[in-house]
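Subject: Structure for you to look at

Hello,

Please find below the structure I said I would pass on. My notes come after it.

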Amino acid sequence: MLIEFRTYKIKDDQIDNWINWFENKSMPLMKQLNMHIVDYQFDGTDFIWIRLFQDAEEQKNQYQAFFESKQWIHELKDEAYGMIDSIEVRLFQLDNAEGLMNVESISGKFLEEFIPPGRKV
C-alpha cells in the first residue's frame, strides 16, 4: 500500500479559490476515477493532503487516467497551476499491509501535533 503525502504551497491571494476549486472540481474527478483521498487541510498557505493506493501500479493507472482526462487538460490544469506556487510529494510504502486492507475502507483525519515540553524548534 502506498501513502502519498502532498503539500502544495498556494499563492496567498488564492487560498479561498483553491479550496473551492479542490472540493468542487478536482475531488469529484478524482473520486470518479476511484482515487482515495484520506484527508486534507491548510497550514498557513500550505495545502496538505493524503491519498492512498493499493500499489504503484494502481497509482500509475490513476495518475494516467486523471492527467490524460479531457477535464484535466481542457479545464482544470491551467486553473490549478495558476493557484499553486510549488508542489512537494512524499510517498510512504507500507510493507506489511499487502492484502490486509482495502484503501476504500481506510479513513482518518489530521490531528494536532503533540509538542513535548521544552522543545525549541
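This is a predicted model: local features need pLDDT of at least 70, side-chain atom pairs count only at pLDDT 80 or more; totals for chains, interfaces and linings use all residues.

Residues are numbered from 1 along each chain as its sequence is written, and side-chain values use heavy atoms, with hydrogens and water left out.

Overall chain

The chain has 3 helices and 4 strands. Helices (H or I, at least four residues) and strands (E, at least two) are DSSP runs, numbered from the N terminus. Read from the N terminus, the order of elements is β-α-β-β-α-α-β. Of the 121 residues in the chain, 32% are buried; buried means under 20% relative accessible area, exposed over 50%, and partly exposed in between (1.4 Å probe, protein chains only). Among contacts (heavy atoms within 4.5 Å) with a separation of 6 or more, 77% are between residues 24 or more positions apart.

Glu4 counts as buried because its relative accessibility is 0%, and Arg6 is buried with a relative accessible area of 6%.

The side chains of Glu4 and Arg6 make a polar contact of 3.3 Å. A polar contact is a pair of N or O atoms within 3.5 Å; within protein, one must be able to donate a hydrogen and the other to accept it, and residues adjacent in sequence count only if both atoms are side-chain atoms. The side chain of Glu4 also has a polar contact with that of Arg51, at 2.8 Å, and the side chain of Arg6 has one with that of Tyr8, at 2.9 Å.

Apart from residues within four places in sequence, Glu4 touches residues including Trp49, Phe53, Gln59 and Leu91. With residues up to four places away again not counted, the contacts of Arg6 include Phe47, Ile48, Ile87 and Glu88.

Helix 1 and helix 3

Two packed helices are described by the angle between their axes and the distance between the axes. Helix 1 (residues 15-32) packs with helix 3 (residues 70-81) at an angle of about 160°, and their axes are 11 Å apart. Axes are lines fitted to C-alpha atoms, for helices over the stretch in contact, and angles run from 0 to 180 degrees between N-to-C directions. The two helices are therefore roughly antiparallel, a term for angles over 145 degrees.

Helix 1 contributes Trp18, Trp21, Lys25, Ser26 and Leu29 to the contact, and helix 3 contributes Gln71, Trp72, Glu75, Leu76, Glu79 and Ala80.

Trp72, in helix 3, counts as buried because its relative accessibility is 5%. Leaving out neighbours within four places in sequence, Trp72 is in contact with Trp21, Leu29, Phe66, Phe67, Lys77, Ala80 and Tyr81. Trp72 and Ser26 are 46 residues apart along the chain, and their C-alpha atoms are separated by 8.5 Å.

A loop residue

Asn34 is in the loop between helix 1 and strand 2 (36-43). Its phi is near 65°, a positive value in a residue other than glycine. Asn34 is exposed, with a relative accessible area of 54%.

Regards

Notes. Angles under 35 degrees count as roughly parallel, over 145 as roughly antiparallel, 65 to 115 as roughly perpendicular and the rest as oblique.
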